[in-house]
Amino acid sequence: MVKKDVKKKKTSKAKTKPSKAKTTMAIRGRKPEYPKIITFACNWCSYAGADLAGVSRFQYPPSLRVIRVMCAGRITPAFILDALTSGADGVIVSGCHFEDCHYISGSRKAEKIIKTTKKLMHLLGMDERRLRFELISAAEGQKFATVAREFTKEIQDITIKNNGEK
Amino acid sequence: MGKNSVEEIIKRTNAYLCIDCGECTGSCPVSRVNLNYSPRLNVEKMLVGFFDEIKNDDGIWSCLVCGLCSQRCPSDVNYNEFIRLTRREVRKSSDNLNYTHNRVLQRVMEIMASKGIQNRTQWIEKSLKVSKKGKYLYFTGCLPYFEVIFEYLDIHPLEEGRSAVKIMNKLGINPVIRNDEVCCGRDLLFNGDEEGFLKLAKANKKMIKESGAEKIIFTCPECLDTVKNIYPEFVGKANVELIHITQLVNEAIEKGKLELGASKDKKFTFQDPCALGRGLNVYDEPRNIIRSIEESELLPMERERENSLCCGPSSWISCTNYTKRIQRVRLNQAENTGAQKLVTACPKCYIHLSCALSGDDIDLKIKLKPITTLIAETMGVKKRKKEQDASSKYVKEKVKT
């Protein structure tokens with residue numbers, strides 16, 4: 001389990017130094033206590049939301065690796081399967097709220113893609129809970145931190161239960 | 001590319017017998033739309049020793065592996081083999097493939113190879129009779145994955161699987177369907193990834209051995225071609241009979257075990273899958289089946305049998321506007337016959353041509369129909385949807401009268 005939540009490592013504007021010991025362990029260690037979670041965050045809402053979470057100093061575990069994409073609709077099943085097979089324990093795809101999508105229908109598209117990917121993961125014998133779709137706006141820093149905490153906890157449970165197998 | 005591998009390629013494919021006649025380029029469907037691509041040129045480059053040109057040119061990736069050139073070649077150069085070996089060598093140094101669907105299909109195959117556990121048999125409903133052990137094995141191929149990945153085209157490839165099991169049940173066969181079956185690996189092999197192919201082939205070999213089956217039935221001709229013609233070279237020969245579903249049904253029809261009633265449509269035309277036709281020499285069986293449907297008419301296409309045109313992209317790479325043009329030509333040929341349905345015997349042809357038909361710039365009346373679904377519908381088996389139920393009653397009435 002995570003003993004103490006560490007301040008978010010990556011913020012684009014405010015360059016804070018990561019508190020070393022735990023972050024490096026999380027990056028290098030392959031223990032279930034330190035899962036690796038790839039987060040695809042859309043440029044217009046969720047990435048700004050993650051930024052806000054960092055700037056506001058909301059506490060959440062250091063397990064997330066944020067990858068910025070222009071739109072959540074850009075994600076394809078291949079990206080998610082790639083992430084999972086190359087070592088990530090979980091994937092979050094996060095976009096704008098449906099009504100607020102910068103590209104009008106990007107979030108809807110992402111929702112469909114996530115459904116397809118979940119079916120594929122089920123067929124391939126993976127745990128579908130390792131993939132999560134979230135709608136986080138630029139003002140919801142608190143929600144981003146909550147999602148990160150909850151998802152990390154869930155992934156830890158799954159990994160311990162499955163003995164590290166996907 | 002090393003010197004030894006070049007010699008190996010030239011020897012194994014008979015490339016040294018090339019008489020530079022140009023028959024291959026003349027018949028190649030890709031050369032017709034993409035003037036930069038020429039099979040003859042590729043063979044010549046290999047013979048003369050311009051490997052770097054082959055390596056840096058993406059021409060080697062635009063081949064459809066349809067086998068039309070090899071069939072017409074007077075010197076018997078095996079161009080499919082040439083492409084396979086060259087791609088293997090080229091891929092060692094550079095990886096500039098143009099994958100379709102962001103490489104998701106290849107990724108799925110790799111996961112299948114590395115991980116034994118799958119949930120691929122959940123589509124089997126209670127109404128379908130399958131057994132745990134038996135003489136007959138049904139090789140579903142990648143149908144469950146196609147069902148998910150090609151959902152956006154509004155097609156249901158798994159319907160073919162269900163229909164195939166229904167047909168087998170009607171013939172008194174309760175097939176074994178294994179959960180540890182994996183993709184046949186043909187696509188990885190023709191992407192130049194021989195390691196990935198070997199993993200899959202070994203897994204399948206083990207699966208076939210464990211199942212103890214004597215006869216394996218396929219719905220996908222590419223799987224059949226791979227298991228029959230390519231597996232022996234890599235993993236040794238399996239002592240089982242391998243047949244396509246059309247061969248099974250044709251045999252039953254000839255023996256009088258199965259009768260096909262009338263369908264909603266009367267006029268059909270048939271698309272020869274490359275692997276089934278040129279690969280395995282099965283031309284007459286599907287045609288006999290369509291002809292034996294009551295009140296049906298089989299209309300010949302402009303190019304058919306040995307000269308049939310490929311459905312477009314292959315091995316899930318290089319889906320370009322060149323292949324779209326080939327598909328458009330093929331669909332227009334089908335439309336010109338005046339048929340209502342274009343019947344296909346390959347799930348991949350079905351997917352590729354459905355994709356071409358769903359385009360905005362195409363306005364054709366012809367619709368596609370997989371042959372297994374057509375057989376299952378016309379043999380009067382109860383159907384799943386309500387609309388189809390009405391048609392089955394109609395079929396039954398027609399059969400009675």
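Domain bounds come from an automatic or database domain assignment. This is a predicted model, in which local features need pLDDT of at least 70 and side-chain atom pairs count only at pLDDT 80 or more, while totals for chains, interfaces and linings use all residues. Residues are numbered from 1 along each chain as its sequence is written, and chains are lettered from A in the order in which they are written.

Q: What domains does the assignment give for chain B, and how many Å separate the centres of domain 1 and domain 2?
A: The assignment gives domain 1 (3-93), domain 2 (101-249) and domain 3 (256-400). The centres of domains 1 and 2 of chain B, taken over C-alpha atoms, are separated by 30 Å.

Q: Why is helix H8 of chain B called oblique to helix H12 of chain B?
A: Helices are DSSP runs of H or I with at least four residues, numbered from the N terminus. Axes are lines fitted to C-alpha atoms over the stretch in contact, and angles run from 0 to 180 degrees between N-to-C directions. H8 (residues 104-114) and H12 (residues 194-211) of chain B pack at about 50°, with axes 9 Å apart. Angles under 35 degrees count as roughly parallel, over 145 as roughly antiparallel, 65 to 115 as roughly perpendicular and the rest as oblique. H8(B) is therefore oblique to H12(B).

Q: What makes residues of H8(B) and H12(B) count as in contact, and which are they?
A: Two residues are in contact if their C-beta atoms, placed from the backbone, lie within 7 Å. The contact is made by B:Met109, B:Glu110, B:Met112 and B:Ala113 of H8(B), and by B:Gly196, B:Lys199, B:Leu200 and B:Ala203 of H12(B).

Key:
Helices (H or I, at least four residues) and strands (E, at least two) are DSSP runs, numbered from the N terminus.
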